[in-house]
Amino acid sequence: MASNFSCGIVGLDQTGCVLPSVASGAKPRKSRATRLSSVRSISGPLLPTRLPTSSTISTSEFHTKDPVLRAAASFTASVSDSCRKYPSASRIPSSVQALSTETLFPSSPLVEDEELNLVLESATSGEKLRAAATLRARSFFAYPEGRSITARKMHQKMKADDECAVLTRKIGGLEQGYKRTACLIATCPSSEVPESGRDLHEMCSVAGPRTEGYLVVGTLDLNQGLNLPGEVMGERPTGPEADVKRAYLSNVCVAEEVRRRGVGMELVEYAKETAKLWGIRYLYVHVVADNISARKLYEKAGFEYESEESVKEARSLGRPRRYILRTHLV
């Protein structure tokens, strides 16, 4: 089963159809970051709820003649393969490249940030998924003191491999319990990240919109569905459409070298905008009860307390007690 890290800043139509576009007269939210609506972002949202478990996907197994879904299926298989081989980039089917995804992921013009020039997007290429998985392994797992640098890197690579495999399956609709998932990332020019984070420069480097190299410095998952496996379930909305109008954030993390520079807030706000385009009405997030800084960030982003895990439940699961927070997207 996929693991969901809900410790906060530690340190989205069921058939897969494109949702209606936001009115052309709508005014984009002012932001310090760039929102990319890259055509490569469509693979996850366009896929049906379930896919065959084979890495070589046959279009006859989809019970559909839709060329978009078939192209998206082939793309998911190629991404999965690229994550295993870890290339610098993955190829995207031309039939997928020809599609516009402005209705799936929000975008806005670049506004220079006095601290970081962030770019926010949905990661689908093998390169970016791998970088996101590596950042998670780096953020969520502690390494025992006294280990050699080589041993530490091997352990980190093993964890990153596991994260990349799960992440690819979730985006492709192959992971049980996940209806629809997108991996959102924040990148910035590598020149803006301290050289002290040398391993971040080495392992989380990706191609950027400009000539210089970029680093993945923040990531989270946006999960549409009734519940998040292994977590306290949200209460709203109720009724037959609850599973398509409810979503959860998970695996939220920011590189320690750039914390307290607005990366977490920008990611959460971007996730909220994306969720609205998916038709989500209530967005949830789980946070460790004593993680005050994460709770403050979510409260600032408009989340409020709904319920919490009991001490007994937390103890039986061998983890810190969690609160579940929600925000109403209007």
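Strands β6 (residues 246-254) and β7 pair in the parallel sense over four bridges. Pairing requires at least two DSSP bridges between two strands. Arg246 has Tyr282 in β7 as its bridge partner. Strands (E, at least two residues) and helices (H or I, at least four) are DSSP runs, numbered from the N terminus. The model is predicted, so local features need pLDDT of at least 70 and side-chain atom pairs pLDDT 80 or more, whereas totals for chains, interfaces and linings use all residues. Residues are numbered from 1 along each chain as its sequence is written, and side-chain values use heavy atoms, without hydrogens and water.

Seven of the seven residues of β7 (residues 282-288) are buried, so this strand is largely enclosed by the rest of the structure. Buried means under 20% relative accessible area, exposed over 50%, and partly exposed in between (1.4 Å probe, protein chains only). Tyr282, Tyr284, His286 and Val288 cover one side of β7, and Leu283, Val285 and Val287 the other.

Strand β2 (residues 119-122) is also built of buried residues: Val119 and Glu121 point one way, Leu120 and Ser122 the other. In a regular strand the side chains alternate between the two faces of the sheet. β2 pairs with β3 (residues 180-189) in the antiparallel sense over four bridges. Ser122 stands opposite Leu184 in β3.

The count of salt bridges is 18. A salt bridge places a side-chain nitrogen of Lys or Arg within 4 Å of a carboxyl oxygen of Asp or Glu. Asp221 and Arg136 form one, with closest N and O atoms 2.6 Å apart. Asp221 lies in strand β5 (residues 214-224) and Arg136 in helix α4, so the pair ties together parts 85 residues apart in sequence. Both residues, Asp221 and Arg136, are buried.

Arg138 and Asp199 meet in a salt bridge at 2.9 Å, N to O. Arg138 lies in helix α4 and Asp199 in helix α6 (residues 198-203), so parts 61 residues apart in sequence are tied together. Arg138 counts as buried at 14% relative accessibility, and Asp199 at 16%.

Helix α4 (residues 126-140) also holds Glu127. Glu127 is buried yet has no salt bridge, and the nearest side chain of opposite charge, Lys128, is 5.8 Å away.

The mean pLDDT of the chain is 74, and 65% of its residues reach 70 or more. pLDDT is the predictor's confidence in each residue, from 0 to 100. Values stay under 50 over residues 5-31 and over residues 79-103. Where pLDDT is low, the predicted coordinates should not be read in detail.

Definitions and conventions
Contact means heavy atoms within 4.5 Å. Lys and Arg count as positive and Asp and Glu as negative; His and the chain ends are not counted.
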